Amino acid sequence: MLASISGMRTSSCSWDGDKQEVFVPEFEPGPVPPARPVDKYGFVKSEPGSSIPDMSSKSKPKTDREREERRLQKWRKMIGVGGVDWKCYVRKKPQVVKRRIRKGIPDCLRGLVWQLISGSRDLLLLNQGVYEQLVLYETSASELDIIRDISRTFPSHVYFQQRHGPGQRSLYNVLKAYSVYDRDVGYVQGMGFLAGLLLLYMSEEDAFWLLVALLKGAVHAPMEGLYLAGLPLVQQYLFQFDRLVHELLPRLGSHFDEETINPSMYASQWFITVFSYSFPFPLALRIWDVFLYEGVKIIFRVGLALLKYCQEDLLKLPFEKLVHALRNFPEDALQPNVLLPMAYSLKVSRTLEELKQEYLGVNNMLPQLQPVRLSISKDQRPSKQKREESLNIRT
């Protein structure tokens, strides 16, 4: 619940039913956008027939509803009340958990499960009151940049459409808090898509700590290098992806070389936003389910699966048409139940580690290419504009 009180903003942060009122300066909300038809995820339908099909329980056959109910019961048993049984179940039956996550987490449980598998719930419990402190009592040099960019994050979703409305305010809070929490990273535009996606499934405070868990590496390797000056982790991932394309899809790799196509032209945003930017939302959610549990290798797998699925068409295209095709994949290639099984079949873990060591070894031999230190002074950082240009996110 959000409201305006004497020029201050109030938002509600919750944890297991307890409410905390958070007040920060902000503008008055703008007018509420006119009501328009939305899909099951809250995105405004652009054209009749072009939206995600309505798969609500009322429109499904009885057998499908019964199957989903059985699946939901299995998940609830696996999690336990409030998540108390989760860690025990994962220890006892890790392969069952992995298989069920790959099939997709039930949407009504997605927010809770994401917190459990990312380690963010533990971070919140260990840092009670920290988020409130960051939002209320700290200032960030990025505040105006965040306000400027907020309307560009999921602009077609009803939660974020109202100017300075509840969604935009919550997004501002999370991004501002992180820019204070980690001043080396600060704020870069691409971060909004991560925070925005999380806010659709959890409270501000929960979303903040999940963002911390990702970038600081609570479970998997830290990902803050995606946003640090020089984008060191982006450079590493693109190096690895390019080599994987040439190894697993040699004909396409050779064609890319002939047409001077490199991954920075099309794949940067895949890593920066974990497919939450410009990809169909149902596919993005399924990728995030696996990403939070298995780590960044799913991004490589999905990217390679996309190229493999479209390989024969891509091999026929010259440079300009090739660039366009790599940023606009056909609808049939973006169906979760088609693309993800293909992605799971690609074995990349060992090769990714070998390529990482190769990349780091090359950088150690060439000082000018060394990864940026985690702690840098302000005068060493390139401008925010240059960092965002490198992210290749267009709005």
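Visitor: Is Y178 buried or exposed?
Guide: Y178 is buried, with a relative accessible area of 0%, where buried means under 20%, exposed over 50% and partly exposed in between, using a 1.4 Å probe and protein chains only. Please note that this is a predicted model, in which local features need pLDDT of at least 70, side-chain atom pairs count only at pLDDT 80 or more, and totals for chains, interfaces and linings use all residues. Residues are numbered from 1 along each chain as its sequence is written, and side-chain values use heavy atoms, with hydrogens and water left out.

Visitor: And how buried is F208?
Guide: F208 counts as buried too, at 0% relative accessibility.

Visitor: How are the rings of Y178 and F208 placed?
Guide: Their centres are 6.4 Å apart and their planes at 55°, so the pair is tilted; rings of Phe, Tyr and Trp (its six-membered ring) pair if their centres lie within 6.5 Å, and planes under 30 degrees apart count as stacked, over 60 as edge-to-face and the rest as tilted. Y178 and F208 are 30 residues apart in the chain.

Visitor: How many aromatic pairs are there in the whole structure?
Guide: A search finds 31 of them. Y131 and F208 form a tilted one, at 5.2 Å centre to centre and 45° between the planes, and Y131 is buried, with a relative accessible area of 1%.

Visitor: Which residues are in the cluster linked by ring pairs?
Guide: Among them are Y237, F241, W270 and F329.

Technical notes
Helices (H or I, at least four residues) and strands (E, at least two) are DSSP runs, numbered from the N terminus.
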